[in-house]
Amino acid sequence: MSIDAVLSRISEIRSQIETLQGGTTRPAGGSASAAAASSSAFADALATANGTAGGAASGAAPSAAASGSPAVAATAAPATSVDAGRGTVATGSGATGDDVVAAAKQYLGVPYVFGGETRAGMDCSGLVQTVFKDLGVSMPRVVPDQADMGVAVPSLAQAQPGDLIIPKGEGHVVIYVGDGKVLHAPRPGKDVRIVDNWYSDADIATIRRIVPSAQEAAAASATSATRSVGAAGSTAATDLQTAALKSLLAAGSAA
């Protein structure tokens, strides 16, 4: 293979790489002058394949700061186990706040029984523990311990379905279901029900998020998908560069 042919092939391969990475396609010339102009581009491709080029691959997903998109509020690193933890949102079960509400609604009408944890009867913290157990999430049994789990939500304005609201004194716990309503096991003589939330921020000791809210879970899923697409694009570009270099080496050996 002649030098002109090798250099022309370099130009063609470089054009394919730029097309894959979102660059502007250059027409591949067959002349020695056009090929010579692309020889430096080949050097760049070689450096990139060897990991010596500066900067990230163009197929990588942009950071939130670079793209200008709003960042999700930072909390402690999510727990990958199914156990509720202090200062962290448990993601191991895959359950979201909406799932908490749906599971809790299965117990509507169950009578209040102090210390109860079954459909025969349950108290407020027994209801909470049972609901999370149904979703595969381990929770403590009594209100003061439940009030230490998950992450704190600053106020009712930020509460999402599935959050736990614990009033001052930690003598009760309710599940926020959204639209200003809560689900709970009230007291002897009553059953599990949904009512208008009667607590104000001044009445509340803490609001706890045990598992991600539906919005947080959706945002995390979208971020993961974006990273996967970016990683796939970067891998494809690297594969093409590797194939191009092998082709050139083979051509050089033949010459």
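How many residues lie between E4 and E5 in the hairpin that they form, and which glycine in the turn has a positive phi? The hairpin of E4 and E5 has six residues between its strands, and Gly169 in the turn has a positive phi of about 95°. This report describes a predicted model, beginning with the chain as a whole and then turning to the sheet, the helices and the cores.

**The chain**

The chain contains eight helices and eight strands. Of its 255 residues, 37% count as buried. The chain exposes about 13,000 Å², and carbon and sulfur atoms supply 56% of this area. Among contacts between residues at least 6 apart in sequence, 60% join residues at least 24 apart.

**The sheet**

Six strands form an open sheet in the order E3-E8-E4-E5-E6-E7, with antiparallel pairing. Strand E3 (151-152) and strand E7 (193-196) stand at the edges; each has a single partner strand, so one side of each is left without a neighbour in the sheet. In general, the strands of a sheet pair through backbone hydrogen bonds, in either a parallel or an antiparallel manner.

| Strand pair | Bridges | Residues paired |
|---|---|---|
| E3 and E8 | two bridges | Val151 and Arg209 |

E5 itself is mostly covered, as five of its five residues are buried.

Helix H5 lies across E5, strand E6 (181-184) and E7, and runs at about 115° to E5. The buried residues of H5 are Gly97, Val100, Val101, Ala103 and Ala104. These residues cover an arc of only 165° around the axis, which puts them on the same side of H5.

Helix H6 is mostly covered, with nine of its 11 residues buried. The buried residues of H6 include Cys124, Leu127, Val131 and Phe132. Just after H6, Gly136 takes a positive phi of about 85°.

**The nonpolar cores**

Which residues have the most contacts inside the largest nonpolar core? They are Leu127, Phe132, Met139, Leu164 and Ile210, in a core of 29 residues. Helix H5 (97-105), helix H6 (124-134), strand E4 (164-167) and strand E5 (174-178) each supply at least two residues of this core. H6 gives the most to the core, with five residues.

Leaving aside residues up to four places away in sequence, Phe132 touches Val100, Val137, Met139, Gly162, Leu164, Ile210 and Val211. Another core lies apart from the largest one; it has 10 residues, among them Ile165, Tyr176, Tyr199 and Ile204.

**Drawing the parts together**

Val100, one of the buried residues of H5, is touched by Phe132, and Phe132 is one of the buried residues of H6.

Technical notes:
Residues are numbered from 1 along each chain as its sequence is written. This is a predicted model: local features need pLDDT of at least 70, side-chain atom pairs count only at pLDDT 80 or more; totals for chains, interfaces and linings use all residues. Side-chain values use heavy atoms; hydrogens and water are left out. A nonpolar core is a set of buried Ala, Val, Leu, Ile, Met, Phe, Trp, Tyr and Cys residues joined through side-chain atoms within 4.5 Å. Buried means under 20% relative accessible area, exposed over 50%, partly exposed in between (1.4 Å probe, protein chains only). Helices (H or I, at least four residues) and strands (E, at least two) are DSSP runs, numbered from the N terminus. Contact means heavy atoms within 4.5 Å. Accessible areas come from the Shrake-Rupley method with a 1.4 Å probe; for residues, only the protein chains shown count as cover. Two strands pair if DSSP finds at least two bridges between them. Axes are lines fitted to C-alpha atoms, for helices over the stretch in contact, and angles run from 0 to 180 degrees between N-to-C directions. The arc is that of the directions from the helix axis to the C-beta atoms.
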